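Please examine the sequence and the structure shown here.

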Amino acid sequence: MAPVLILMGSQSDWPVMQHAAQMLKDLGVEWRAEVVSAHRTPDLLKSSMAQAEQDGVPVVIAGAGGAAHLPGMLAAYTAIPVLGVPVPSKQLKGLDSLLSIVQMPKGVAVGTLAIGQAGAANAGLLAAQIVGTHDAKIRDNVNAFRKAQKEKVMNGPKLELPDA
């Protein structure tokens, strides 16, 4: 299977989007990351989606800030599931990005995650779950991750008041 494709509008989005890559790596999912700008490289965006379809990419994770057109534009060119990650912007802290990604018109779907690092990590997790629908090893890895999270909560420290 081709790797999950992680795309972002600029190199400056990598500090957020690397959390998607790390989650995928931790769950044993192959990935590839590239910079493709909806505004500065529209021809590359279109050809990237054509190549992704040809290669059999199972899911695309797209991070974008500000106007955040990248996830929607990618979704316009492919039937591959696109997961959008709003990257925090300086001016509006990512709220602009979130609203841009989540408000897709009827008929062009983008799965939208939370703003920032948590959203990127969850995009990686959700992409692994999508891949896991056809790959039992990845599904097992996701289940092991969830079990480890449960155990961490269940075995956490007892909540007590300090001695007075």
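**A helix and a pocket**

The model is predicted, so local features need pLDDT of at least 70 and side-chain atom pairs pLDDT 80 or more, while totals for chains, interfaces and linings use all residues. Residues are numbered from 1 along each chain as its sequence is written, and side-chain values use heavy atoms, without hydrogens and water.

Helix α1 comprises residues 14-26; helices are DSSP runs of H or I with at least four residues, strands runs of E with at least two, numbered from the N terminus. Its 13 residues reach 17 Å from first to last C-alpha, close to the 18 Å expected (1.5 Å times one less than the number of residues).

V16, M17, A20, A21, M23 and L24 of α1 are buried (under 20% relative accessible area). They lie on the same side of α1 because they cover an arc of only 160° around the axis, taken from the directions from the axis to the C-beta atoms. The buried residues of α1 pack against β1, β2, β3, β4, α5 and α6, contact meaning heavy atoms within 4.5 Å. After α1 comes G28, with a positive phi near 80°.

α1 and β3 each supply at least two residues of the lining of the largest pocket (an open set of 1 Å grid points over the protein atoms alone where a 1.4 Å probe fits, with protein on both sides within 12 Å along at least five of seven lines; lining residues have an atom within 4 Å of a point). Of its 20 lining residues, S10, D13, A64, G65 and G66 lie nearest the centre.

Terms used:
Buried < 20%, exposed > 50% of the residue type's maximum accessible area, 1.4 Å probe, protein only.
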